[in-house]
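Subject: Structure for you to look at

Hello,

Here is the structure I said I would pass on. My notes follow below it.

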2 protein chains.
Amino acid sequence: MQLTLKIIKIGGNIIDDEQGLASFLQDFARLPTPKILVHGGGKSATKLSEKLGETTEMIDGRRITSSENLDTVIMVYAGLINKQICASLQAANCNAIGLTGADANSIQSAIRPTTPINYGWVGDIEEVNTKVIQLFLNNNITPVFCAIGHDGKGQLLNTNADTVAAEIATAMSAEYDTELIYCFEMNGVRKDINDPNSIITNLDKRLYSELKTAGVIAAGMIPKIDNCFKALENNVSKVIIGNARLLHDKNEMFTTLIA
Amino acid sequence: MQLTLKIIKIGGNIIDDEQGLASFLQDFARLPTPKILVHGGGKSATKLSEKLGETTEMIDGRRITSSENLDTVIMVYAGLINKQICASLQAANCNAIGLTGADANSIQSAIRPTTPINYGWVGDIEEVNTKVIQLFLNNNITPVFCAIGHDGKGQLLNTNADTVAAEIATAMSAEYDTELIYCFEMNGVRKDINDPNSIITNLDKRLYSELKTAGVIAAGMIPKIDNCFKALENNVSKVIIGNARLLHDKNEMFTTLIA
């Protein structure tokens, strides 16, 4: 039987919520190994960009990354957030190691083609280095990935944290039974965006398609859910979207994606 | 016979000199493994601090680290500089991994006592995790340390990069024949601060003491050289101070410290 490897993505407003993040990290630290954490950046990169007088352009919920924006996201994601998370996990007896794709060449990316939209210094993942991730896991070291990649030619790239989590889960499924859990501030995917209790327990492709057509699932949720289905089609055994509290509260509602 | 491990510290103005740094990293990448890089922060943290309207206070060439300063040095040292160095080394076929002390608990520090001087969020190294560093080295992964530590209780701390290099060299000397090489923009320790050709080839404690008394060696050079002698007294086999070019140019002058 294969060992189960949980890949947990934490994002959304939780990253900016000091108490919510601290509580989530305590829960994450308590999970059995092997496990991997992938974190987003919250609003702090945008805030720092504004403070530095940079402009931030978004298309379909994705940031256009100028050279100055890239420096800022590297500082915030790979620097401040990643290292604070690692220090907190170490304090909770979880032997975390913070990683970008450049570290130990753990993830190699390529700059996204500039047509039809030029996203700037944004990368798409080409290869996850499963060997080095296994080396960490086998030595009881828990990888904590931020969504910064590199192209192997010296260029760092901004990548999407949801995609990083899905690609790691997919690649690691060759060696482990992988579960992918997306945690954010909502309890899952809602049938009615205004009703927090309208969580869809099981979301299959037919229902997803209907809800997209009806405009219920829109904007940033679409690439997130597309990542989930793609992971399920590529040997990830379980994909869940839910509130960060689901790690400790068994009564939390969440959405399970059904292939 | 023990394997030789080179611990190279790069600091000073080289960090801010794009071409000088690129050339140094090419040289570092070509060195045989095992090797470890420790980097300082140059002036970019101070520049970012100023841009963000923070104040920077220095005592004896050491930065007083306020909470806002700490966030800035984490962003610049552990984020921007560390990750750009790792991406550049990867491009040069050196399998670099960027680390703070918090990552894999590689270095544990304690906050510096607040008397006689309160340096703020500054840490002194308590323990270097030689086991995890060996794990990396044995797997052909080259650690690249920035000078950010943690206290094991969730607090990140600003540490001195010269000291980080010396402490790593000292700790690793139990397993390797360790050589500690401090690279910066000068060719070594000068007899006459205004004469770049007055490099002292061999600096022993007696000469060091004389030059300190004469005021020739002063300010920031004193803790640097103290670190060197301390390392030599603690089983580091060789300590050199010189220009970053000494890695490739055999005609470069440099200073060898003599126990």
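Which residue follows α2(A), and is its phi positive or negative? The residue is Gly53(A), and its phi is positive, near 75°. Please keep in mind that this is a predicted model. The rest of my notes are grouped by topic.

Helix α2

Helix α2 of chain A covers residues 44-51, and Ala45(A), Leu48(A) and Ser49(A) are buried in it. These residues span an arc of only 105° around the axis, which places them on the same side of α2(A).

Ala45(B), Leu48(B) and Ser49(B) are buried in helix α2 (residues 44-51) of chain B, and the buried residues of α2(B) pack against α3 (67-91) of chain B. After α2(B) comes Gly53(B), with a positive phi near 75°.

Chain A as a whole

Chain A has 7 helices and 14 strands. Its radius of gyration is 17 Å, close to the 18 Å that the globule rule gives for 259 residues, so chain A is as compact as a globular protein of that length. Along the principal axes, the C-alpha atoms of chain A fill a box of roughly 45 × 45 × 35 Å. Of the 259 residues in chain A, 51% are buried. If you take the contacts in chain A between residues at least 6 apart in sequence, 72% of them join residues at least 24 apart.

The sheet and the helices on it

Chain A contains an open sheet of 8 strands with mixed pairing, in the order β5-β8-β2-β1-β11-β13-β14-β12. The edges are β5 (96-99) and β12 (202-204) of chain A; each has a single partner strand, so one side of each is left without a neighbour in the sheet. On average, and ignoring direction, neighbouring strands of this sheet are turned by 20° against each other.

Within the sheet, β1 (residues 4-10) and β11 (residues 177-184) of chain A pair in the parallel sense over 7 bridges. Lys9(A) is opposite Tyr182(A) in β11(A). Helix α5 (residues 161-172) of chain A lies across β1, β2 (35-39), β8 (142-146) and β11 of chain A, and runs at about 175° to β1(A). Helix α7 (residues 221-233) of chain A also packs on the sheet, where it touches β11, β13 (238-243) and β14 (254-258) of chain A. The direction of α7 makes about 155° with that of β13(A).

The two chains together

Chain A superposes on chain B by a rotation of 180° with 0.0 Å of shift along the axis, at an RMSD of 0.0 Å. The two copies are thus related as by a two-fold rotation axis. Gly79(A) is the residue of chain A that comes closest to this axis, with its C-alpha at 1.8 Å. Both copies use the same surface, and 100% of the contact residues of chain A recur in chain B.

The contact takes 34 residues from chain A and 34 residues from chain B. On the side of chain A that touches chain B, the elements giving two or more residues are α3, β5 and β9 (148-150) of chain A. Of these, α3(A) gives the most, with 14 residues.

Gly154(A) lies in the loop between β9 and β10 (156-158) of chain A, and touches Ala87(B), Ser88(B) and Ala91(B). Gly154(A) is partly exposed, with 17 other C-beta atoms within 10 Å.

Backbone details

The bond from Thr33(B) to Pro34(B) is cis, with omega near -5°, and Pro34(B) lies in the loop between α1 (18-30) and β2 (35-39) of chain B. The bond from Thr115(B) to Pro116(B) is cis as well, with omega near 0°; Pro116(B) is in the loop between β6 (107-111) and β7 (123-128) of chain B.

Asn140(A) is not a glycine, yet has a positive phi near 60°. Asn140(A) lies in the loop between α4 (130-138) and β8 of chain A and counts as exposed, with 11 C-beta neighbours inside 10 Å.

Regards

Conventions:
Residues numbered from 1 in each chain as written. Chains lettered and ligands numbered in written order. Predicted model: local features only at pLDDT ≥ 70, side-chain atom pairs only at ≥ 80, totals over all residues. Buried ≥ 20, exposed ≤ 12 C-beta atoms within 10 Å, placed from the backbone. Helix = DSSP H or I, 4+ residues; strand = E, 2+ residues; numbered from the N terminus. Arc of directions from axis to C-beta. Rg over C-alpha atoms; globule rule 2.2 N^0.38 Å. Contact = placed C-beta atoms within 7 Å. Least-squares fit on C-alpha atoms with pLDDT ≥ 70 in both. Pairing = 2+ DSSP bridges. Axes fitted to C-alpha atoms, helices over the stretch in contact; angles between N-to-C directions. Lists of a residue's contacts leave out its neighbours within four places in sequence.
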